Amino acid sequence: MKQQEPKPRDPELIAIGERARLAREAQGLSREKLAEAADTSPQFLAQMEKGEQSMTSLKLKRLATALHVSSDYLLYGQPPFTGSAELAVELLAQMSPVDRNFLSDMLLRLNRLLRESDPNHE
């Protein structure tokens, strides 16, 4: 019986795994600690970091949350926070819909007050 050759690893999965490993190591986390925080197994993380395992969107969300990075960073290599707009998006994503609506209302009111107090305000 002829032995099957291993399936070539997907370059995108390799890149995602590498970014996850780098983020984990930068925070000084073991695979065991990260697995516990992300509600997964150390074996899954080892395979994922080598680009041998894909993941569901739920696992991606849990992993990004546990690593304190954005899913965009893991998927595309986007820096977790490159500016205030990215930070705002990241924080909004963590809020409940009620809190997002409240914050949106507050920002609109603040913007109106700023415009009323300074006509040159952009």
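**The nonpolar core**

Modeller: The largest nonpolar core has 16 residues, and those with the most contacts inside it are Leu 45, Leu 63, Leu 67, Val 69 and Leu 74. By nonpolar core I mean a set of buried Ala, Val, Leu, Ile, Met, Phe, Trp, Tyr and Cys residues joined through side-chain atoms within 4.5 Å. Buried is under 20% relative accessible area, exposed is over 50%, and partly exposed is in between (1.4 Å probe, protein chains only). The elements giving two or more residues to this core are α1 (11-26), α2 (31-38), α3 (42-49), α4 (57-67) and α5 (71-76), and α4 gives the most, with 5 residues. Helices here are DSSP runs (H or I, at least four residues), numbered from the N terminus.

Bear in mind that this is a predicted model, where local features need pLDDT of at least 70 and side-chain atom pairs count only at pLDDT 80 or more, while totals for chains, interfaces and linings use all residues. Residues are numbered from 1 along each chain as its sequence is written, and side-chain values use heavy atoms, with hydrogens and water left out.

Take Leu 67: leaving aside residues up to four places away in sequence, Leu 67 touches Ala 20, Ala 23, Arg 24, Gln 27, Leu 29, Leu 34 and Leu 74. Contact means heavy atoms within 4.5 Å.

Now look at α1. Its buried residues are Ile 16, Gly 17, Arg 19, Ala 20, Ala 23 and Arg 24. Seen down the axis of α1, they fall within an arc of 160°, so they line one face of the helix; the arc is taken over the directions from the helix axis to the C-beta atoms. What covers these buried residues includes α2, α3, α4 and α5. The face of α1 turned away from its buried side carries the exposed residues Pro 11 and Ala 26.

Two loops are worth a look as well. Asp 39 is in the loop between α2 and α3, and its phi is near 55°, a positive value in a residue other than glycine. Asp 39 counts as exposed because its relative accessibility is 54%. In the loop between α4 and α5 you'll find His 68, which is not a glycine either but has a positive phi of about 60°. His 68 has 61% relative accessibility, so it counts as exposed.

One last stop is Lys 59, which lies over the face of Phe 44, at 3.9 Å from the ring centre. For that, NZ of Lys or CZ of Arg must be within 6 Å of the ring centre and within 35 degrees of the ring normal.
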